[in-house]
Structure formats: C-alpha cells, structure tokens
Amino acid sequence: MLRIFLFVLLSATSVKADVIDDFVASRLRDAVLVYDQALRNAETGQYLDSLRLDEKTGSPISSIAATGMGLISLAIGDAAGIIPDAETKAEITLKHLLGVDQSTGFRVDRSGSGWYRHWFNVNTGKPPKGNKDKFSTIDTAILGAGAAILSSYLRDKAAKSNMPVPKAAQLAQELVASINWSTAIRDPKRGSIHLVFYGADERPTKNVATIPFDEYALLPCMAAGHEAAQGREGVATKAWRTHFDMVDDLPMSDYDDLTLLGKPTGNVPSHFTHQFAFYLCGAYARDPAFLEELRELREADRRWFAKEGAQPGLWGLGAGSEVVFDEDGKVLKYRYGVSRLGKNPNGTASPAIMAGFLPVDSADGKQETLTELKTLWNDGSCRYEHEGLGFLWRCSPKDTSLRVRRLEAIDFSTWMLGLATAHPEIGLEFFQRHAF
C-alpha cells in the first residue's frame, strides 16, 4: 500500500473553514431534503427504496437500509440547520420500527434475533411477494448504523447544551440493542458472515456467506461494538480482531502501481462497499490506513475511466440506475446496475461515488474531487432536478445529457455523506465520533 502522505492526528482530516462553500452548503441541503421531502413517508417515518425521476408513479416499497440512511440524514439535517424538527421525525420513524406506535396500522415483522426484512410497504410494513421469509443482515446493519449515529449525535448535542437526552436518542439506542448482532457471524475462524436468514427461526443458507472484504464488514464492526457496550468479548469480537480490524491485513489486489482493498479472489468490489464501511464503521473512519485505501481506490477509479476515454473529471464506479446501450450506441433500456473495476459494460459514471471520496480532499488539503463535482454541476453534466431540489446523479460519459429514470436511496447516500464531510459544521469527525 502506498504511504504518500502523513497524518498527525486523524481528526485533522476535516479542516474547519471560516466560510461555508456555497456549492457544498446548497448541494448538501438539497441532498438531505431529497430524503426528507421526496423519500420519507410522513405518517410512518419510513423511507422509500427508490424515487422516480420521470413522470411515472413510484413504488410504495421501503428499504430498511434507506431508512437507516434517512436517520443519518436527520442527524446531518439537524447539525446543519436544514431540518428543524429532526428529533420529532426521528421519533416517528423509530416508534414505528420498534412497534411502539401502531396507530397508523404499520407493523414490521422481525426474526428471533431482531433482524429486519430488506423491503416492505412504506405504509403498512407488509413485505412484497417473494420476500416474506427473508431477513437481511446487511440492510439491518445499515439501519443499526444509522440509529447508532443518530443516538450518539443527539446525546452529544444534549450534553453540550446541558439538556436531557431526547426521546429519539433513547429509541435509537433501544433499536440497536434490540438486535443480537453476534448471530450474523457464521464462522469466527474464517470471518464468514450470514447474508440472510429465512423465517423467524433464522434458518441459514447452506452455501451462501461472505468473507472479507466487502460492505458486510459493517456487521462484525457493529457486533463487536455491541459486545463491547455489553462489557463482553464474544464471537463477533474474535471475528473482528482476527479478520477485519487491521486494514493492512485485509485482502488486496494490484492495479497498475496501486494496491486496492478487495476480495481474496483478487476482485475489487464496487466502491460503495468501501465507502459504506468507512462512513458507518467508526473504527474504519478513524483509521488513517483506511483513508489511504480510499485515496488509492479514487486514483484507480479515475484511471479506469480515463482508459475508457471518458471526459476528465467524470468517473465513479458504483451502483444504481443506468442507461443501457446497444451495439450501435443507441439507448436500449434503463435498468439497475453495479459497476466495479473491470466490469462496467455501459460505462456508467457516478458523481455520488465521487462525492464519497471527498474525505481524501480534506486529508491532503486539496479540493480535487470537489472541483470536479463543481465543474460537472456548472456544465450540466449528470445534473438533475426533482421538485426544486438539485443534485448530481448517475449518467453515461457517452452522452451526459441522458438521464436515468430512478434514484435509489441507498446508492444516493454517498452523495450526502461525502458532502457532509466537506461541510465545516459537520466534517469527517461527525462519523469518527458518532459511528459505532
């Protein structure tokens, strides 16, 4: 791994500025409001899995992971003065998830250890067909990470103001504590993790599990943190220390002169996996070695697009809606796609992934990625507007005027999280301090 820059204190990676950058402030505001106004259900407090960007009516399906990001958006919105009633809204969300408020008829089933389903109806909590028996560990972990960040932020805010701990913080902590996180660890010796469980009795899959490294690293991070909060060291702590804790010991893959965090197979996952682990796992957010890995991943990402002939300053290997072209370069269809190094058949670029690398800008005192994002915004590339809210989202370098038809809440989140680190009233220390 390259060691091309030094850290004196990791907290110095978020440099406070005297003046808030207008682009950062405006785009962060609109990103937070996308969650608050376009994705959030006011009655149940749950967040839609996706948002239609065309004239068609969207689906009422909620994602538990999107709701986790929604809780983080409330914390960021409160910290930046964007959402004045964030605590009240968080209470609504959490009371419905915990079954405390059933006045709206909303109810979600959970497995024996507290895992949630990935998808359910935003109004009723009922799962869609084909999803009734499946409970997702990673999506529940993203929800738990969001709740942990919200709880820590609100408690910290109350302590600074010498005020009582707000109800929303208590509910968020209750949600985190309601999950037996350690059951996600399939084999602490191998570091394998259950992807899903079937039924309330949590029947595991026979052959499907994951090992370091991908976004599932969030599970042993959450589980080890929960064990520590309980004053014990269990299977999760063992798995974390053995397979996940030391970034330099995680699987690496060579790409040109770079070494990239990836899988034992040599594949480098889509870059949202690294960014989710970084923002949602406090141990990684505080680790200079992980930030260095983000630096190298950013460089590899840029190089891949440059080799493919993309315009400079437009890159981002992530996931979400994309435009599919036929052999003649004509638009064939629109679909959901996941791109990574060596696998991006439609050449889709993601400014949300670009924004997810903004902590690297802060670390070295340069504004390379932020400058690229501003340029895209100013020339209209990948620029979207929905009900008066403006943001950059996925597009094709083949024709940056083409627009995808859907915004996926979970994939859009790195746009918000990255911009938050560039905002002087939030910064990277927000995640370093409040993530589990």
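Beyond residues up to four places away in sequence, Thr400 touches Gln311, Leu314, Ser381, Cys382 and Cys395, where contact means heavy atoms within 4.5 Å. The model is predicted, so local features need pLDDT of at least 70 and side-chain atom pairs count only at pLDDT 80 or more, while totals for chains, interfaces and linings use all residues. Residues are numbered from 1 along each chain as its sequence is written, and side-chain values use heavy atoms, with hydrogens and water left out.

**Thr400**
- Thr400 lies in the loop between β15 (389-392) and β16 (406-408); strands are DSSP runs of E of at least two residues, and helices are runs of H or I of at least four, numbered from the N terminus.
- Thr400 counts as buried because its relative accessibility is 17%, the limit being under 20% relative accessible area with a 1.4 Å probe and protein chains only.
- The side chains of Thr400 and Ser381 make a polar contact of 3.5 Å.
- A polar contact is a pair of N or O atoms within 3.5 Å; within protein, one must be able to donate a hydrogen and the other to accept it, and residues adjacent in sequence count only if both atoms are side-chain atoms.

**Disulfides**
- The whole structure holds two disulfides, defined as pairs of cysteine sulfur atoms within 2.5 Å.
- Cys382 is joined to Cys395, S to S 2.0 Å, and both cysteines are buried.
- Cys221 is joined to Cys281, S to S 2.1 Å.

**Asp49**
- Asp49 is found in the loop between α1 (22-39) and β1 (50-52).

Notes. Buried < 20%, exposed > 50% of the residue type's maximum accessible area, 1.4 Å probe, protein only.
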